[in-house]
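Visitor: I have a model open and would like to go through a few spots in it. Can we start once it is on screen?

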Amino acid sequence: MNEGKTITRNTTIDIIKGICIILMVWGHAAGPFKHWIYLFHMAVFFIASGVLWDDMRVIDLHKCKVFVLKKIKSLWLPFVLCNALFNLIHNFLLETGIYSDNPQFLKMVTGPNNYLQPYRTVSATCKEIIKNLLFAGGSQLGGATWFLRTLFQVLLVYMVIIYISRKFNSRKIMLCISGFICITGATIVSIYNLRLPLGIHSFFAAFAVFQTGVFVHNACLDKRFSRHKYKVIVISFLLLCLLNRYGKVNMSSGNITNIVFFLAVSITGWVLLYSIASCKSIRENKLLIYIGQHTLSIMVLHLLAFKIVTWIYILISNRDVLLLAAFPVISKVPYLWAFYTLCGVAVPLFAEAVFLKFKKAFLNNS
């Protein structure tokens, strides 16, 4: 989610990312308007990456190699470290109650995300970690890292397309073909509810909105919207409220109502957030800029941070400790989502700040 740095950092994009990551945590916390948020919040991340794309980064084989190595460091490595760590401490999470293998647990909670987690052997743990190294598998607490894998896939495929198209002077043809393939793929995945290896089921829709972001940037559409930002904010917000009645989006599973609806809500969501980020009172908001520049730690740690709120709630309400394994949150408790959201953003940022401070101290002493 920290994809795309330019020589002069685009703080408007940082603010958009900051708003989106807060909306992501809000949605995972079962906050109100979750269905509305899911229409566009993840798609906007991919559009932002498309807006920041620069063909010059993959102009020759050497630059392509450098680009791939950077993406391995910024996308593959966090995915592996996050999921491998959670898989490594899987049995510890069971012993602490963050996971549960007690059949009584399923009688207390409902939902597809809640299931029993059996103890693992050393062999089973190693297999899961090896899958993580191959950009496969995952972990319950690292569930949000699907974004890293999908963005990695999108960027590498787009890199290959741009490189080949420059070699054969066929950019428009290549982009049209790739766009058609992704639109078709997204439609098929959604209609048949497919689950493909390496999370490829989420690739097609993601590539479509990424390519949309490239087009938005090249056509300078974002600047045109910002000139009439207040009118655009009202219109795009009302349009999203209207579209909310006619479909749904779940990018992690590749489940979209249809490609036209998906592109409509994605672009409208981008226009809304870009216009909001262009407002003077917002574009100078240092907190949102900071959050937007540190989205990775929030994405990786917010589901674990939720457990702090769940544990405190269990203590205060004297509920069964089995509820600690409720994933991602205990729902249907008034206003608890607000505490989940606050904790899901603040705790990862604090943890990252502490880590960086100790890292700096260690490097200075070594």
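Visitor: Which residues does T212 touch, not counting residues up to four places away in sequence?

Guide: T212 touches L263 and I267, where contact means heavy atoms within 4.5 Å. Before going on: this is a predicted model, so local features need pLDDT of at least 70 and side-chain atom pairs count only at pLDDT 80 or more, while totals for chains, interfaces and linings use all residues. Residues are numbered from 1 along each chain as its sequence is written, and side-chain values use heavy atoms, with hydrogens and water left out.

Visitor: Where does T212 lie, and is it buried or exposed?

Guide: T212 lies in helix α10; helices here are DSSP runs of H or I with at least four residues, strands are runs of E with at least two, and both are numbered from the N terminus. T212 counts as buried because its relative accessibility is 15%. The classes are buried under 20% relative accessible area, exposed over 50% and partly exposed in between, with a 1.4 Å probe and protein chains only.

Visitor: Aromatics next. How many aromatic pairs does the structure hold?

Guide: The structure holds 18 aromatic pairs. Rings of Phe, Tyr and Trp (its six-membered ring) pair if their centres lie within 6.5 Å; planes under 30 degrees apart are stacked, over 60 edge-to-face, and the rest tilted. W53 and F210 have ring centres 6.0 Å apart and planes at 80°, so that pair is edge-to-face. The two are 157 residues apart, with W53 in the loop between α3 and α4 and F210 in α10.

Visitor: Which aromatic pair do Y158 and F210 form, stacked or edge-to-face?

Guide: Y158 and F210 are edge-to-face, 5.1 Å centre to centre with 75° between the planes. Y158 is in helix α8 and F210 in helix α10, 52 residues apart. Both are buried, and so is W53. One aromatic cluster is formed by W53, F67, Y158, F203, F204, F207 and F210.

Visitor: What sits over the ring of W53?

Guide: The charged end of R57 does, 5.1 Å from the ring centre. The criterion is NZ of Lys or CZ of Arg within 6 Å of the ring centre and within 35 degrees of the ring normal.

Visitor: How do α3 and α8 cross?

Guide: Their axes come within 12 Å and cross at roughly 35°. Axes are lines fitted to C-alpha atoms over the stretch in contact, and angles run from 0 to 180 degrees between N-to-C directions. The contact is made by M42, F45, F46 and S49 of α3 and W146, F147, T150 and L151 of α8.

Visitor: And how enclosed is α3, and why?

Guide: 11 of the 11 residues of α3 are buried, so the helix is largely enclosed by the rest of the structure.

Visitor: Switching to backbone. Where is the cis peptide bond?

Guide: It joins F327 and P328, with omega about -5°. P328 is in the loop between α16 and α17.

Visitor: Which phi does Y335 have, positive or negative?

Guide: Y335 has a positive phi of about 65° although it is not a glycine. Y335 is placed in the loop between α16 and α17 and is exposed, with a relative accessible area of 62%. N169, also not a glycine, has a positive phi of about 50°. N169 is in the loop between α8 and α9 and counts as exposed at 73% relative accessibility.
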